[in-house]
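Let's read some charged and nonpolar features together, one question at a time. Have the viewer open as you go.

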Amino acid sequence: MTNYVWYVVLCAIIIALCYVYFNFRKIKKLPEGTEDMIEMAAIIRSGASSFMITEYKTIIPVVAIVALLFTLFIEKTAGITLIIGSLMSSMACILGMRSATYANVRTSDKARETLSIGETVKTALCGGSISGLSVQAFGMLGLLVIYVLWGFDSKELSSGFLLSMKCNPTTMRITTYSLGCSLVAMFNRVAGGNYTKAADISSDILAKLRHDLPEDDSRVPNVIADFIGDNVNDIAGNCSDLLESFVATMAAGILIANTLFSKGDISSSVFQEARIYPVMLAAGGLISCIIGLFIAQIRKMGDNPAKELDLATYTSAILTTVIAFFSCSVFKNTSLPAFFKAGYLSPWLSAILGILSGVAIGMITEYYTSTDFKCTRELASIASEGEAFVVTKGDAIGSRSVLLPVLFISLSLFISGKICGTYGIAISSLGMLSFVATTVSIDAFGPIADNAGGLAEACHLDAEVRVITDKLDAVGNTTAAIGKGFAIGSAAFATVSLIIAYIGNYSAAEPVLNFASFVVVAGGILGGALVEYFSAVLTDNTIDSAKKMADYGDNLLSIPGVLEGTVKPDYNAMIRTATEEALRKMLFPSVLALVIPVIGGFLFGVEFDGGLLVGATIVAIPRAIFMGNSGGAFDNAKKYIEQGMLEGSGKGSPAHKAAVTGDTIGDTRKDVVGVALDIFIKSMSTVANTLASLFSTITLIK
């Protein structure tokens, strides 16, 4: 049975990658448009590639050092699996970013040629699907490679070349594979967030505040860096982020099954199926996503892009639910444990809870951030009262938006735990991410549409074209906000699963963390404080970089002929500045998430680290949701006014200027801090999971 499942997984991966190749070729064959569009697109593509090449000059040595340390001191093959995880994550994010830099200008040109919203949406979604399918396919491919090379049945303990600290090699290979994905995700999110928002904020400062120019005016050199930033953060960063979540939840399901079997809580037959069911669920989800995205691309699309994109999500989610149901039949002929309260359907019900939570979080996020609903419209209408009202109202919207997503997450975790024990929590987590290919595809639609709109303005296309791209951009802002909400929600599920797996790694009995213990409470308080410190570091870095880039942009604008439009600004100089600033400030916050659990575990022990993880998670999840949704509402309130939807106000009005202030505040929230917090807690949990057995034997302060 196990080999049969892996053959199905291989087939699903091959079909997905073939579809990726087909869409990539399809996008590249489309025309790019006018000479100005071709020139701008080439600069964006070159700048994005240069950023990634420069970034990987830092990532590769860090990955190599960590892999070497694991191989020498932890387990001989752990370094190899860590590198495999890094490679899978890198391949997905680079391919996704590369495709987006081809799709952006072609989306703009499709709007120019057809003046059809439906055809333009199809082009952007075609580019986005390359990102989404790559995430799920490469995440599963790495796990398949590990299974082919070593299998998952090792019972003999292993150790590193220099130390004989015995550990289970299967557990270590899976956790280090997840850790490799985490390393790349953290660097991409931190560096990409700094790059894109420093460029975006500095561009807004120059264009809207200092020189009274249009938002994406090509005379402002920072505009091109902003276009590039959309790709390196919202595409590359998001791909590696959600791939890491996807891999972490699969890993948690397998690890919890191993823990339950080693403690005698499940029989050998149940163990075999419990270990393979997460893989079956993930493969079924990938197949469902291929079908959902294919249907969206072949059907005739109307003038409501959000409706068309929702159809792809719902199709993928429903098909995943059906496949997950039939996959549960593997438990039919086994001796089920008592905690399978609903019999062999227990894992399926847990998966449904995760799937429903993912869909619900998306709908809630859309309600609080979309211009179709009252929250964002009220925020736009109050902008005429000034900046203070905008910021205060936006904060209230962000705070209000936290409750329902957290409630859904809490209920899903609680019910899945009651139905299927700790294993059910891991399956619920994976259920939410089982159709991640569609989620990422629709999320990637946002930055592609945003770039298309920016190119339309920068290249002075007709106003009719800009109307279409503006509509897509507004929808893209909402899909991006939904994607961020989904990433945060999935991080909550993934982190809880990893914490349970972590406690199970060192606990001889049922995994329990004693919150009556001062050690656990001390760790929890510190974990919460670290989230605030991490947020402050990212915010300071971004604002500092934005100020420097704005001043440098002013210097470039002062060159004779640039403001008059007769001389083109030095885009490459600004791109180099943005890259240097982002990478210079990338290392410290990225390494922080990796070092903290190591220091805490070796100094104060496994329980302190457990408290650290729980405290950080409890503080980070609501804060990340607040950041993402308030930022999304700020952004779309500005767009709502710019589209002339607010009577008596438009571009350049006092209400618009107040909304621009809100948008500038929201930029750092939603695209830097909010999206990095989920990586922060996942990375800490993955590192702790990997080293749990060492923390339980080596504690310096007892």
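**Reading charges and patches**

Q: Is Asp109 buried or exposed?

A: Asp109 counts as buried, because its relative accessibility is 1% (buried means under 20% relative accessible area, exposed over 50%, partly exposed in between, with a 1.4 Å probe and protein chains only). Before we go on: this is a predicted model, where local features need pLDDT of at least 70, side-chain atom pairs count only at pLDDT 80 or more, and totals for chains, interfaces and linings use all residues. Residues are numbered from 1 along each chain as its sequence is written, and side-chain values use heavy atoms, leaving out hydrogens and water.

Q: What is a salt bridge, and how many are there by this rule?

A: A salt bridge is a side-chain nitrogen of Lys or Arg within 4 Å of a carboxyl oxygen of Asp or Glu. By this rule there are 28 salt bridges.

Q: Which residue forms a salt bridge with Asp109?

A: That is Arg112, with the closest N and O atoms 2.8 Å apart. Both residues lie in helix α3 (residues 78–114), three residues apart, about one turn of the helix. Helices (H or I, at least four residues) and strands (E, at least two) are DSSP runs, numbered from the N terminus. Arg112 counts as partly exposed, because its relative accessibility is 33%.

Q: Where do the partners Lys197 and Asp667 lie?

A: Their side chains meet in a salt bridge of 3.5 Å, N to O. Lys197 lies in helix α5 (residues 169–210) and Asp667 in helix α19 (residues 654–697), so the pair ties together parts that are 470 residues apart in sequence. Lys197 is buried at 3% relative accessible area, and Asp667 is buried at 1%.

Q: Which residues are linked with Lys197 and Asp667 in a network of salt bridges?

A: The network links Lys197, Asp200, Asp635, Lys639, Asp667, Lys670 and Asp671. Within it, Asp667 forms a salt bridge with Lys670, the closest N and O atoms being 3.8 Å apart. Asp667 and Lys670 both lie in helix α19, three residues apart, and both are buried.

Q: Which residues form the nonpolar patch on the surface?

A: Patches are made of residues with over 30% relative accessible area and no salt bridge; like charges are joined within 9 Å, nonpolar side chains (Val, Leu, Ile, Met, Phe, Trp, Tyr) within 5 Å. Here Tyr4, Val8, Ile287, Ile291, Phe294, Ile295, Ile298 and Leu311 form one, with about 670 Å² of accessible area together (Shrake-Rupley method, 1.4 Å probe; for residues, only the protein chains shown count as cover). The elements giving two or more residues to the nonpolar patch are α1 (2–29) and α7 (268–298). Its largest share, five residues, comes from α7. Ile298 lies in helix α7 and is exposed, with a relative accessible area of 53%.
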